[in-house]
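Subject: Structure handover

Hello,

Here is the structure you asked about. My notes on it follow below.

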Amino acid sequence: MFKKTKHWTKSKNVNSKRYKLDLANYLHGKALKCVTEKVNGIEEVVAKKGSIIRKEDELLVFASQDVVMRANVLEVSAWELLSLEGVVITAPDLEHGGEERTIVAYYSYWRELED
């Protein structure tokens, strides 16, 4: 019952605080197969095997035993790929001096299991 109520009250404004917090909670704990970034017009694999973690007010993309991206949740713009096999994340990266980066994080298993 509460799942339906939460779905009805979900924010649709992608720039709202509530939407960004809900998105960060949705992404929290997703296992990743690989992370890519477009550099000089070429899509390069930046890291493999990791996860997306929400830690307090930050979203971390952790892969290859390193923090690939660390950003404030309220500054993140993210959307899932149409295939639902990953997410595109654009944000100022606190781990790399506040430079705005866009990465694509591919889920290791993207289909949700039904209860």
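I start with one side-chain pair: in this predicted model, the side chains of threonine 90 and threonine 102 make a polar contact at 3.0 Å. Threonine 90 belongs to strand β6, residues 86-93. Its relative accessibility is 14%, so threonine 90 counts as buried, the limit being under 20%. Leaving aside residues up to four places away in sequence, threonine 90 touches Glu75, Val76, Ser77, Trp79, Glu100, Arg101 and Thr102.

The sheet

Strand β6 is part of an open sheet of seven strands, ordered β4-β3-β2-β1-β7-β6-β5, with antiparallel pairing. The edges are β4 (66-72) and β5 (77-80); each has a single partner strand, so one side of each has no neighbour in the sheet. On average, and ignoring direction, neighbouring strands are turned by 30 degrees against each other.

- β1 (residues 31-39) pairs with β2 (residues 42-55) in the antiparallel sense over eight bridges. Alanine 31 has serine 51 in β2 as its bridge partner.
- β1 also pairs with β7, antiparallel, over five bridges. Here the bridge partner of threonine 36 is valine 104 in β7.
- β6 and β7 are joined by eight bridges in the antiparallel sense. Valine 88 has valine 104 in β7 as its bridge partner.

Lys20, Leu23, Ala24 and Leu27 are buried in α2. These residues span an arc of only 100 degrees around the axis, which places them on the same side of α2. The cover over the buried residues of α2 includes β2, β3, β5, β6 and β7.

The core

The largest nonpolar core contains 22 residues, and those with the most contacts inside it are Val35, Ile52, Val61, Val87 and Ile89. At least two residues of this core come from each of α2, β1, β2, β3, β4, β6 and β7. Valine 35 has contacts with Glu44, Val45, Val46, Ala47, Val61, Ala63, Val68, Ile103, Val104 and Ala105, again not counting residues up to four places away in sequence. That list includes Val61, another of the residues with the most contacts inside the core.

Positive phi values

Two glycines come up here. Glycine 29 follows α2 and has a positive phi near 90 degrees. Glycine 97 is in the hairpin of β6 and β7, which has five residues between the strands, and takes a positive phi near 75 degrees.

Two other residues also have positive phi without being glycine. Asparagine 40, with a phi of about 55 degrees, sits in the loop between β1 and β2. Its relative accessibility is 76%, so asparagine 40 counts as exposed. Lysine 49 has a phi near 50 degrees and lies in strand β2. Lysine 49 is exposed as well, with a relative accessible area of 71%.

Regards

Key:
Residues numbered from 1 in each chain as written. Predicted model: local features only at pLDDT ≥ 70, side-chain atom pairs only at ≥ 80, totals over all residues. Heavy atoms only, no water. Helix = DSSP H or I, 4+ residues; strand = E, 2+ residues; numbered from the N terminus. Buried < 20%, exposed > 50% of the residue type's maximum accessible area, 1.4 Å probe, protein only. Polar contact = N/O pair within 3.5 Å; in protein donor to acceptor, adjacent residues only side chain to side chain. Contact = heavy atoms within 4.5 Å. Pairing = 2+ DSSP bridges. Axes fitted to C-alpha atoms, helices over the stretch in contact; angles between N-to-C directions. Arc of directions from axis to C-beta. Core = buried A, V, L, I, M, F, W, Y, C linked by side-chain atoms within 4.5 Å.
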